[in-house]
Amino acid sequence: MAGVALKTFAARRLLHLSRFVRPSLVSTVKLHTASSPLRMGATVEQFEEAKSRMSSLKQDPGNDVKLKIYALFKQSTLGPCTTPRPGMLDFINKAKWDAWKALGETPQEDARQQYCDLIGSLVSAEGGSVAAKPSGSASAQYETLLVTTEDKITTIKLNRPAKKNAITTVMYDEIVTALEQAGKDNSVLTVFTGAGDFYCSGNDLTNFTKIPDGGVELMAKQAGELLRKYVKAYIDFPKPLVAVVNGPAVGISVTALGLFDLVYATERATFHTPFSQLGQSAEGCSSYTFPKIMGNAKASEMLLFNKKLTAAQACDFGLVTEVFPDSSFNSEVWTRLKSYAALPPNVSTAHTYTTTRLKMCRHKSCHKD
């Protein structure tokens with residue numbers, strides 16, 4: 001049964017079966033998580049090292065990130081917030097209290113891991129070196145990503161937390177490269193997630209301000225070629241692809257979710273596709289995948305009329321597989337993913353009708369007549 005479950009789970013983005021596959025997967029996985037003691041968490045030594053490395057930051061990461069750092073530090077050292085709430089006019093301490101309180105019952109070891117990940121992401125984003133993990137392997141060839149392989153899972157983490165993980169042209173190229181390498185490595189699953197408090201805020205607007213010598217026409221041509229290559233990397237990916245949506249998602253980071261096998265989201269995640277509001281068209285084959293997943297009416301409300309979905313709504317629509325409490329998001333999701341990775345790697349690599357349709361959709365979307 002385990003082999004059959006994984007084969008169904010990894011069936012090359014079989015979107016026409018997704019409504020039936022996802023519920024069966026959830027029930028299968030719960031059998032694993034009920035008895036699994038696995039939990040992610042940094043050691044005290046790693047936490048202390050992250051504290052010392054925080055002082056090396058040269059750039060201000062912004063108030064939102066600083067509040068997150070404060071909250072994770074307090075949760076790591078003292079546990080859940082039990083102090084009285086500051087007065088309404090004590091704005092600074094009230095913001096700190098709210099950030100700490102929002103972590104709820106997050107275990108201290110999980111908070112230490114999140115703290116270490118966040119500090120590591122900020123240091124790496126400034127060009128510093130990130131301390132090696134005690135187990136697993138990590139790739140240092142990327143400017144905008146953190147790519148690691150551990151427990152048969154390759155994780156591709158968007159790593160521009162100060163910019164809400166907005167996607168630059170460099171990041172587009174690096175994601176394509178990371179997917180190509182993950183498709184050939186010894187991992188069983190590949191996971192996408194974001195550093196900091198956002199999953200991804202969509203395209204970095206500076207992508208549209210750097211006009212080459214050939215003018216706007218050349219820039220549009222180059223952007224079209226890059227987008228085709230980017231979407232193709234998802235469609236052709238030979239392994240199960242999982243999105244771990246750790247916060248708000250915007251634009252192409254939302255539309256590309258239709259190309260994933262599983263989408264797990266924290267309860268504070270939102271999903272926004274403001275294309276018509278920005279005078280743009282939806283990409284990532286979403287004009288094909290979204291109606292297949294959620295129906296024409298709901299897809300139109302998102303893609304044409306900019307409706308922002310909560311995590312619960314996205315789950316009801318079928319875009320998200322399951323929503324988790326923010327306080328236990330990392331521990332629950334990674335326990336589940338480790339149980340997936342332990343299944344026999346009976347992954348189907350046959351081209352399907354759906355894959356062919358996706359390629360046709362990508363071709364039509366990215367080519368101008």
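Met88 lies in the loop between α4 (63–78) and α5 (91–101); helices (H or I, at least four residues) and strands (E, at least two) are DSSP runs, numbered from the N terminus. The model is predicted: local features need pLDDT of at least 70 and side-chain atom pairs count only at pLDDT 80 or more, while totals for chains, interfaces and linings use all residues. Residues are numbered from 1 along each chain as its sequence is written, and side-chain values use heavy atoms, without hydrogens and water.

With a relative accessibility of 58%, Met88 counts as exposed (exposed means over 50% relative accessible area, buried under 20%, partly exposed in between, with a 1.4 Å probe and protein chains only). Together with Leu89 and Phe91, Met88 makes a nonpolar surface patch of about 420 Å².

## The enclosed strand β5

Strand β5 (residues 241–245) has 5 of its 5 residues buried, so it is largely enclosed by the rest of the structure. Leu241, Ala243 and Val245 cover one side, and Val242 and Val244 the other; all are buried.

Strand β4 (residues 189–194) pairs with β5 in the parallel sense over 3 bridges; two strands pair if DSSP finds at least two bridges between them. Phe192 has Ala243 of β5 as its bridge partner. A further 4 bridges join β5 to strand β7 (residues 262–266), also in parallel, and here Ala243 is partnered by Val263 of β7.

## An open sheet of 3 strands

The strand order β6-β8-β9 describes an open sheet of 3 strands with mixed pairing. Its edge strands, β6 (249–250) and β9 (309–310), each pair on one side only.

Strands β6 and β8 (residues 270–272) run parallel and are joined by 2 bridges. Val250 has His272 in β8 as its bridge partner.

Key
Patch = residues over 30% accessible without salt bridge, like charges linked within 9 Å, V, L, I, M, F, W, Y side chains within 5 Å. Areas by Shrake-Rupley, 256 points an atom, 1.4 Å probe, with all protein chains shown as cover. Salt bridge = Lys/Arg side-chain N within 4 Å of Asp/Glu carboxyl O.
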